[in-house]
Amino acid sequence: MPPTFTAAPSSSICGVRIPTACRFEAQSTVSAPRFLRNWVAVKTRSASAWSLKAGLWDSLRSGFLKSNSTETVEPPAAPLEVEEPLPVEIVLLERTLLDGSTEQILFSSAGDVDVYDLQALCDKVGWPRRPLSKIAASLRNSYLVATLHSIIRSSETEGEEKKQLIGMARATSDHAFNATIWDVLVDPSYQGQGLGKALMEKVIRTLLQRDINNITLFADNKVIDFYKNLGFEVDPQGIKGMFWYPRF
């Protein structure tokens with residue numbers, strides 16, 4: 001039986017909000033932001049959970065020598081070719097609407113986002129507007145951009161369909177150890193259907209499949225419980241998120 005999901009509130013971070021920091025165990029509003037990170041637990045979890053491999057500091061230190069001895073590392077003879085992961089598309093939901101047309105909710109990791117559609121979605125959830133050029137740059141420079149689209153096909157006109165962006169989340173990464181999830185949002189008219197949880201689970205699973213195990217995010221206080229239910233933890237091991245602000 002497919003799992004029942006709880007919808008995500010329009011969430012995590014809106015570029016200009018001061019967020020709460022979270023680690024992959026996480027969630028959060030504008031008040032006192034906090035750091036959450038997903039625990040890399042040694043214990044075995046159920047098939048629907050994710051077993052993470054290293055603690056935050058272990059993963060941060062993993063590129064350094066563990067002793068005072070000097071070690072010489074020979075560079076590879078030729079640059080290593082990194083195979084780009086193929087984008088994933090999954091139909092999360094399919095249903096027949098009252099007018100007889102059919103609707104599919106499609107998850108995609110292909111990063112297919114129109115900046116105007118994203119701005120319209122941000123408007124729906126009440127996020128302050130950001131310059132389109134910066135929105136485009138943030139998408140372009142992200143390691144992963146995942147989307148939810150509603151695709152409605154008419155029952156009367158064959159081949160006619162309407163595609164609408166209803167959800168998005170993106171992640172930045174060093175492509176080796178760490179990733180941070182940003183800008184998680186779901187169209188308010190599609191909330192309460194488990195789509196936010198499904199979106200986040202797919203994002204986390206995609207990162208883990210790419211061997212990125214140290215997953216963090218920032219969240220408003222009102223959605224921290226949502227992220228905790230996904231395995232995120234607030235301020236793990238007493239680690240705090242810190243923010244620098246210009247003083248002039």
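Guide: Asp-112 is partly exposed, its relative accessible area being 44%; on this scale buried means under 20%, exposed over 50%, and partly exposed in between (1.4 Å probe, protein chains only). The model is predicted, so that local features need pLDDT of at least 70 and side-chain atom pairs count only at pLDDT 80 or more, while totals for chains, interfaces and linings use all residues. Residues are numbered from 1 along each chain as its sequence is written, and side-chain values use heavy atoms, with hydrogens and water left out.

The partner of Asp-112 is Lys-163, and their side chains meet in a salt bridge at 3.4 Å, N to O. The term denotes a side-chain nitrogen of Lys or Arg within 4 Å of a carboxyl oxygen of Asp or Glu. Lys-163 is likewise partly exposed, at 44%. The pair links distant parts of the chain, 51 residues apart: Lys-163 belongs to strand β6, and Asp-112 to the loop between β4 and α2 (115-124). Helices (H or I, at least four residues) and strands (E, at least two) are DSSP runs numbered from the N terminus.

Asp-123 pairs with Arg-129, the closest N and O atoms lying 2.6 Å apart. Here Asp-123 is partly exposed at 32%, whereas Arg-129 is exposed at 58%.

Arg-170 and Asp-183 form a salt bridge at 2.9 Å, N to O, and both residues are buried. This pair joins strand β6 to strand β7, across 13 residues. Arg-130 is linked with Arg-170 and Asp-183 in a network of salt bridges. The whole structure holds 8 salt bridges.

A nonpolar core is a set of buried Ala, Val, Leu, Ile, Met, Phe, Trp, Tyr and Cys residues joined through side-chain atoms within 4.5 Å. The largest one has 30 residues, and those with the most contacts inside it include Ile-181, Met-200 and Phe-232. Helix α4 gives the most to this core, with 7 residues. A second, separate core has 13 residues, including Val-115, Leu-121, Trp-127 and Leu-165.

As to confidence, pLDDT (the predictor's confidence in each residue, from 0 to 100) has a mean of 78 over the protein, with 66% of residues at 70 or more.
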